[in-house]
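Have the viewer open while you read.

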Amino acid sequence: MELQDIFTAIVEGEDDDAEELVQEAIDEGVSPGEIINKYMIPAMDEVGRLFEEEEYFVPELLMSANAMKAALSIVQPLLKQSGGEPVGYVVIGTVKGDLHDIGKNLVASLMEGGGFEVNDLGVDVAPERFVEEAKKHDKTVVCLSALLTTTMPQMKATIEALKEAGLRDKTIVMVGGAPVTQQFADEIGADAYTLNASSAVQKAKELVAK
Ligand code: B12
């Protein structure tokens with residue numbers, strides 16, 4: 001098989017092909033990390049580009065997202081680590097008003113793979129929900145994902161809600177998603193921003209160990 005076919009299957013929204021090809025690659029011994037970083041994520045970037053150029057519209061985005069999810073369903077279980085004390089607690093979600101969850105799911109899986117206990121709240125998560133869940137453990141890493149410029153302010157709202165609940169000093173807030181930048185993270189008073197899922201795990205470990 002050609003690994004590049006994984007990229008093509010996702011761009012073209014072929015969910016069955018995407019799933020089969022990823023399974024084949026795994027069976028041939030290709031690492032999940034390579035499949036995700038070299039073929040799957042670049043495919044979603046290409047889909048975004050086609051959308052911007054008005055070659056793709058929402059239905060095509062959805063089909064590609066489904067193909068991406070089918071592919072992820074094969075690699076996700078392989079990223080998980082089992083047994084042992086968790087290195088820390090993660091509460092993760094896509095902020096209110098935002099339904100994009102592919103990147104968030106990747107971060108959640110890799111955090112789990114990195115030994116964190118992960119509480120995934122899903123998409124369209126209101127600030128109060130994050131607060132409620134962050135209370136449960138000390139030093140919870142609260143991971144906020146946003147893919148829309150219009151929902152980024154919800155990250156700030158969530159940080160404010162944590163402050164109001166007296167939890168800000170007891171939590172570590174990490175933000176990410178394609179439109180988020182280090183500068184934005186600094187402006188809203190987040191503890192960290194990272195560009196991708198693997199560096200997010202690294203960063204979370206550093207911050208928890210402090
Ligand atoms: C797939 C997709 C969709 C799918 C989502 C399906 C799903 N279940 O997620 C659907 C079709 C539903 C969709 C809908 C919409 N979308 Co859309 N979508 C995309 C697309 C093509 C890919 C996103 C993606 O999955 N990327 C792949 C993942 C792996 O990358 P990622 O999310 O960035 O995550 C990585 C990092 O950012 C980071 N990360 C992510 N989260 C976090 C969190 C933390 C804490 C950390 C540390 C790191 C981190 O790690 C991840 C892995 O490395 C993007 C284009 C793009 N290039 O981003 C547009 C895009 C985000 N969508 C866009 C738009 C406009 C919309 C709609 C408004 C379209 C419409 N007219 O209806 C709606 C909004 C719906 C809503 N309320 O949320 C725009 C946003 C523009 C803007 N500036 O705000 C984009 C940029 C497309 C474009 N170029 O115009 N979309």
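1. Of the 36 residues around the ligand, Glu52, Leu99, His100, Asp101 and Ser145 come nearest (near meaning a heavy atom within 4 Å of the molecule). Bear in mind that this is a predicted model, where local features need pLDDT of at least 70, side-chain atom pairs count only at pLDDT 80 or more, and totals for chains, interfaces and linings use all residues. Numbering runs from 1 along each chain as its sequence is written, and side-chain values use heavy atoms, with hydrogens and water left out.

2. On polar contacts (a pair of N or O atoms within 3.5 Å): a backbone N or O atom of Asp101 is 2.8 Å from a ligand oxygen, and a polar backbone atom of Ala197 is 3.1 Å from an oxygen of the ligand. The side chain of Ser145 puts an N or O atom 2.8 Å from a ligand nitrogen.

3. What is the shell made of? It divides into 22 nonpolar, 10 polar and 4 charged residues (Ala, Val, Leu, Ile, Met, Phe, Trp, Tyr, Cys and Pro count as nonpolar, Asp, Glu, Lys and Arg as charged, the others, Gly among them, as polar).

4. Which helix gives the largest share of the shell? That's α3, with 6 residues; helices here are DSSP runs of H or I, at least four residues, and strands are runs of E, at least two. Elements supplying at least two shell residues include α3 (32-52), β3 (140-145) and α9 (197-209).

5. Domain 1 (4-79) and domain 2 (88-209) both contribute to the shell, so the ligand lies between them; the bounds come from an automatic or database domain assignment.

Methods: Polar contact = N/O pair within 3.5 Å; in protein donor to acceptor, adjacent residues only side chain to side chain.
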